[in-house]
Amino acid sequence: MRMKKDWICSLMKMLLWLITAVNILWSTAECREPVLHRVGGGKYTWAPNMNLTAWAMHEKFYVGDWLYFGFDKTRYNVLEVSKMNYNNCDDKNFITNITRGGRDVFNLTEARPYYFLSGLGYCFEGMKVAVYAQYAPPDPDPAPLVVRNGCPSQSAGYGIIVMVLALLASSAVMG
């Protein structure tokens with residue numbers, strides 16, 4: 001009987017450690033769906049003489065979001081460039097050419113500034129945009145047992161853990 005009690009005690013300590021680990025993971029997890037930002041605000045607004053700087057100032061960009069560039073692929077392109085190339089409208093030595101078919105997307109994978117321009121001189125006609133992707137803010141005080149954007153809140157996580165603990169404890173006592 002003493003051995004069974006020691007085993008249950010060890011199991012409970014392990015489960016408490018597991019609860020702590022799950023709590024840490026849940027509290028640091030981002031539960032936000034990515035957003036698709038149409039650059040310039042419309043379906044085909046990667047074009048000359050658009051105020052893309054004003055558009056970008058009114059948007060919030062987070063890691064995981066996507067940029068959609070809609071444009072005439074026979075005339076324009078989309079290049080990711082350095083800050084210096086962006087400031088000088090220099091399309092040489094670009095980082096990435098994301099041009100594919102005129103309806104192209106780019107994933108913001110890191111918290112950092114991103115710089116894009118269209119080459120062939122169109123940058124001088126306003127075809128450039130800078131965006132800063134940041135980490136999403138934490139979810140505001142989640143309500144108990146609520147699932148938001150497919151992610152359970154901390155309280156829901158505790159409920160699940162308590163149920164698992166109860167099942168394990170009852171099987172240990174019965175077994």
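Student: Which residues does F69 touch, not counting residues up to four places away in sequence?

Tutor: F69 touches V39, W46, V78, I98, G102, R103, D104, F106, F116 and V129. Contact here means heavy atoms within 4.5 Å. The model is predicted, so local features need pLDDT of at least 70 and side-chain atom pairs count only at pLDDT 80 or more, while totals for chains, interfaces and linings use all residues. Residues are numbered from 1 along each chain as its sequence is written, and side-chain values use heavy atoms, with hydrogens and water left out.

Student: What makes a set of residues a nonpolar core?

Tutor: The members are buried Ala, Val, Leu, Ile, Met, Phe, Trp, Tyr and Cys residues joined through side-chain atoms within 4.5 Å; buried means under 20% relative accessible area, with a 1.4 Å probe and protein chains only. The largest such core has 21 residues, of which W46, L67, F69, F116, V129 and V131 touch the most other members. At least two residues of this core come from each of α2 (52-57), β3 (66-70), β7 (113-117) and β8 (128-134). A second, separate core of seven residues includes L79, V81, C89 and L117.

Student: Why are β2 (61-62) and β5 (96-97) said to stand at the edges of the sheet?

Tutor: Strands are DSSP runs of E, at least two residues, numbered from the N terminus, and two strands pair if DSSP finds at least two bridges between them. The open, mixed sheet has the order β2-β8-β7-β4-β5. Each of β2 and β5 has a single partner strand, so one side of each is left without a neighbour in the sheet.

Student: How do you know that β2 and β8 pair?

Tutor: Two bridges join β2 and β8 in the parallel sense, and F61 stands opposite A133 in β8. The criterion is at least two bridges; β2 and β8 therefore count as paired.

Notes: Buried means under 20% relative accessible area, exposed over 50%, partly exposed in between (1.4 Å probe, protein chains only). Helices (H or I, at least four residues) and strands (E, at least two) are DSSP runs, numbered from the N terminus.
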